[in-house]
Amino acid sequence: MKKIIYSLILMVLLAGCTTLEEDVFSELSPTNFYTSAADADAAVIAIYNGLNRRPFHDTYFTSLTFMQAPHSATRAAFRRMYANYSFDASENRILGSYWAAAYDIINRANAAIDRIPSIEMDENEKASLVAEAKWLRAYNYFNLVRFFGDVPLLLKESTSLEDANPSRAPMDEVYAAIVADLKEGLDNLPPSRGNGEKMGRVAAGTAKFLLAKVYLTMAGEPLNDASHLQEAHTLLSDLYANRGEYGFGLLENYADIFDLENELNAEIVFAVQQSRIEGQGTAMAHMWGPLRSPFGGTGQYHGGCTQEFYESYDDTDERRDVTWLERYQLRGANQVVVFGERLPNGALGPYGETRNGMSPAKYQDPEQECCDGETDIIIYRFSDVMLMLAEIENELNGPGAAALGYLNEVRERANATVYDPQAATSQEEFRELIYKERFWEFSFEFHEIFDIRRMGKVQEAIETGFETQLFGTVYDPRYELYPIPLTEIQTNSNITQNPGW
């Protein structure tokens, strides 16, 4: 089930096996490593493993994506500064660390892209591995450009100090590079990975999905380039119509998507695989689970959503209680606590303070101890194909039957009330339906800030947000992008800061 992780561990173990003879061997270097098909595959696996470092998603990504949602709430000060925009460019625990981690992954990808072509191996497999590395590079640049705007565009392996001070490339150039990388995957990756040794790695279907998402993002703020919307519609329509060929599908039961025993199911377009092996798992459930959590370590209870957002779901909407933990049984005790309620003795208890937020429930590994959980980090799902199609249909043709049909398919699966044609009679009204639906469908899956920004909702989210209202945050145009980390400004004289920061 964890083929990418186990393959990397096996590679490391084999590299460390030696005899007891006192022969002297050369150090492993890029020159003598990239010599075989196995080396090429290991180099690509190493790119995936960059995404698997423990703080990447549970600390960096959750703070940079979820905390800006208007319904986020937290009791952790280092999270709260991202919810209420009180951080600045000097914040390095999350901002600077994420930047460094993302560029480390990009450099791993660049090394593979530069060096694999010189290996003597099957040409089709070679092209596929290079395309896979380019998808992973594109994915990281896609996140960077949405977070920071103009960013350094490094498309070659950094091998010397001369490569250490790049300037920022304009957003449109970064997007052009992302598109070029993803297009290579359309031609050189297999349609799907099936259940083979490479299950869980990106394929042509993954490339089509991400390329369509990139085009949809370009159509929104700040680029406002809708010239590729029809192409995005074509890509998504193909994925929707030929889902079986690409190995995708919409599961009948929303809860099954996140079942630990059902990972890499048909709904998963891309996920970062996790393992309980030390250093190869996620701390998501431990960090975000409630105190004395029954799943995922002891629970540090960093926060979650507001009571108001929990109540915004339809009562019949199955996503509500799959996504949020309204009640739970205390670990080691025969006692159930309910969010916002006091204990029988009148005490506030571990879950009684609504100000701290209701914990997310999508990450559950009862056997997890502290920080290495088995639950995969889900990045993209097939239901997003339908919601993107609904959004693009509305932009191209208005809120007609086609747009409503895609939206209702997602709601019907969740057992939520489907919309009738009068629910949205204008493009703007339909955009509001999509905006809300994406929160309900994808909460705590790293979409929030990206949707808020591209849909032009930053000011609205700040003016209505739970944490921003408590703090008294006033909208400023600089909040449309994160600041370039101060550490980069101080060490690279060619890097400029975003306006206002």
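## Charged groups over aromatic rings

The charged end of Lys457 is placed over the ring of Tyr435, at 4.9 Å from the ring centre. This arrangement, like the others reported here, comes from a predicted model. An arginine takes part in a further contact of this kind: Arg478 lies over the face of Trp501, with 4.4 Å to the centre of the ring.

## Aromatic pairs

In total, 41 aromatic pairs are present in the structure. One of them joins Phe147 and Tyr482, whose ring centres are 5.6 Å apart; the ring planes meet at 50 degrees, so the pair is classed as tilted. Phe147 belongs to helix 7 (residues 123–148), whereas Tyr482 is found in the loop between helix 20 (466–471) and helix 21 (486–491), so the pair ties together parts separated by 335 residues in sequence.

Phe147 has a relative accessible area of 0% and is buried. Tyr482 is likewise counted as buried, at 0% relative accessibility.

## The largest pocket

The largest pocket holds about 420 Å³ of space. Its lining consists of 17 residues, and those nearest the pocket centre are Pro70, His71, Glu308, Phe309 and Thr464. Classified by type, the lining of this pocket comprises seven nonpolar, six polar and four charged residues.

Helix 13 (307–312), helix 17 (427–442), helix 19 (458–464) and helix 20 each provide at least two of the lining residues. The greatest contribution is that of helix 17, which supplies five residues.

Technical notes
Residues are numbered from 1 along each chain as its sequence is written. This is a predicted model: local features need pLDDT of at least 70, side-chain atom pairs count only at pLDDT 80 or more; totals for chains, interfaces and linings use all residues. Side-chain values use heavy atoms; hydrogens and water are left out. Rings of Phe, Tyr and Trp (its six-membered ring) pair if their centres lie within 6.5 Å; planes under 30 degrees apart count as stacked, over 60 as edge-to-face and the rest as tilted. Helices (H or I, at least four residues) and strands (E, at least two) are DSSP runs, numbered from the N terminus. Buried means under 20% relative accessible area, exposed over 50%, partly exposed in between (1.4 Å probe, protein chains only). A charge sits over a ring if NZ of Lys or CZ of Arg is within 6 Å of the ring centre and within 35 degrees of the ring normal. On a 1 Å grid over the protein atoms alone, a cavity is a set of points where a 1.4 Å probe fits but cannot get out, and a pocket is an open set with protein on both sides within 12 Å along at least five of seven lines; lining residues have an atom within 4 Å of a point. Grid points are joined across faces, edges and corners, and a volume is the space filled by probe spheres set on the points. Ala, Val, Leu, Ile, Met, Phe, Trp, Tyr, Cys and Pro count as nonpolar, Asp, Glu, Lys and Arg as charged, and the others, Gly among them, as polar.
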